[in-house]
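Here is my note on the model. Please read it with the sequence and the coordinates open.

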Amino acid sequence: MKKLLLDVDCGVDDAQAIMLALAAPKVEILGITCVHGNTTVDNVYKNVLRVLKTCNKLEIPVYKGAAKSILGIKVGDENFHGKDGLGDAPDDADAPDAKKIQEENAVSAIIRIVNKNPGEVSLVATGPLTNLALAVRMDPTLPGKLKGLYIMGGNTESRGNTTVCGEFNFAADPEAAYVVLNDYQCETHLACWEFTCYNKLPWEFCDAWLGQDSNKARFMAKIFRHSMEESKKDSGSLNSTGFISCDSFAMAAAVDDSFVTESDRYPVSVELAGTHTRGMMIVDTQGLLNKTHKACIMKKVDMGKFEKMMMAALK
Ligand code: BDR
Ligand code: CA
């Protein structure tokens, strides 16, 4: 049984990733921690509860974490994910019960859960890395107790989706991304922005996926409508010929060891200065940073498996 702990900023693709993990065989989700990002952290935890309610998994504990970046900046991606982060779709049957939020904060929950299961937990981060950065400052032994760390974030070709050179999760909190890439010296897997762009889900697949006769598919069709329309309009970011379910790649890699078929291993870091490059990921192909720790940067994945996992998520 794989033990996962998820740290999310639950927008639409985070919801897809969570549902993929919930449907995966031999996976136990120990908790879901929430962070600011696509929307406010208050919306994020409500969105996670909506997803869990739809999937009948409200027993999974949900924790609220950082509301802003390390430097106190609040971002958001309303244009793509909607004001509430889930496409502003009505929350009729899936209305969340706010009482289901845990009192413990996300950072201490991460530290407690990992320490209780040393060497067993894979941490999957699909939002800005603020909670993870705070957690390693509180407990520097934390990375050494993880089985693995899976991150959706960063970029490898200086192609941004938020700033000219910045991918959203890293650009939303560059200091946190810097801390995580430098201080989590554990097995680290990165699903970077360009890689996810090269692995779109064709629109015909999305039609079949959403057309399944289930509550989960109806829920996804409802929350996905807005970002699907935005993606179809947006030829500039390579989106238009299919949907980029960014966060689902990090999740799929965490639930299935055979999903990633080719990756590069390099030291990585994050640019903290620069007019256009703040928040951009740095790949040290020449070893000039003198870092011994190398991250696995996903290059090729089994898209057949991905489509199967995505289909299963809405069954
Ligand atoms: C990342 O930013 C968010 O909008 C998505 O949820 C994903 O985590 C892609 O850059
Ligand atoms: Ca996300």
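1. Start with Asn56, which sits in the loop between α2 and β3 (62-64). Helices (H or I, at least four residues) and strands (E, at least two) are DSSP runs, numbered from the N terminus. Asn56 has a phi near 55°, a positive value in a residue other than glycine. Most residues other than glycine have a negative phi. Is Asn56 buried or exposed? Asn56 is exposed, because 10 other C-beta atoms lie within 10 Å. The scale counts other C-beta atoms within 10 Å of a residue's own: 20 or more is buried, 12 or fewer is exposed, and in between is partly exposed, with C-beta atoms placed from the backbone.

2. This is a predicted model, in which local features need pLDDT of at least 70 and side-chain atom pairs count only at pLDDT 80 or more, while totals for chains, interfaces and linings use all residues. Residues are numbered from 1 along each chain as its sequence is written, and chains are lettered from A and ligands numbered from 1 in the order in which they are written. The mean pLDDT (the predictor's confidence in each residue, from 0 to 100) of the protein chain is 94, and 98% of its residues reach 70 or more. For the complex the predictor gives an ipTM of 0.99 and a pTM of 0.97.

3. Asp88 also has a phi near 55°, positive in a residue other than glycine. Its loop runs between α3 (78-81) and α4 (106-116). Asp88 is partly exposed, with 14 other C-beta atoms within 10 Å.

4. Back to α2 (residues 41-54), which contains Val41. Val41 is buried: 23 other C-beta atoms lie within 10 Å. Which residues does Val41 touch, not counting those up to four places away in sequence? They are Cys34, Val35, His36, Lys64, Gly65, Ala66 and Ala67. Contact here means C-beta atoms, placed from the backbone, within 7 Å.

5. Cys34 also matters for the strands, as the bridge partner of Val8 in β2. Strand β1 (residues 2-8) and β2 run parallel, joined by seven bridges. Strands pair if DSSP finds at least two bridges between them. Six of the eight residues of β2 (residues 27-34) are buried, so this strand is largely enclosed by the rest of the structure.

6. The largest nonpolar core has 98 residues, and Ala21, Cys34, Val48, Ala191 and Ala250 touch the most other members. Such a core is a set of buried Ala, Val, Leu, Ile, Met, Phe, Trp, Tyr and Cys residues joined through C-beta atoms within 7 Å. Beyond its neighbours within four places in sequence, Ala21 contacts Leu4, Leu6, Val27, Ile29, Met251 and Val255.

7. Helix α11 has 10 of its 10 residues buried, so the helix is largely enclosed by the rest of the structure. Its buried residues include Cys246, Asp247 and Ala250.

8. Now the ligand. Of the 15 residues around ligand 1, Gly11, Asp13, Phe168, Cys246 and Asp247 come nearest. A residue counts as near if its C-beta atom, placed from the backbone, lies within 6 Å. α1 (12-23), α6 (168-172) and α11 (246-255) each give two or more residues to this shell.

9. Strand β12 (residues 295-301) has two partners to check. With β6 (residues 188-191) β12 pairs in the parallel sense over two bridges, and Leu190 has Ile297 as bridge partner. With β9 (residues 260-266) β12 runs antiparallel, over six bridges, and Ser263 stands opposite Met298.

Methods: Contact = placed C-beta atoms within 7 Å.
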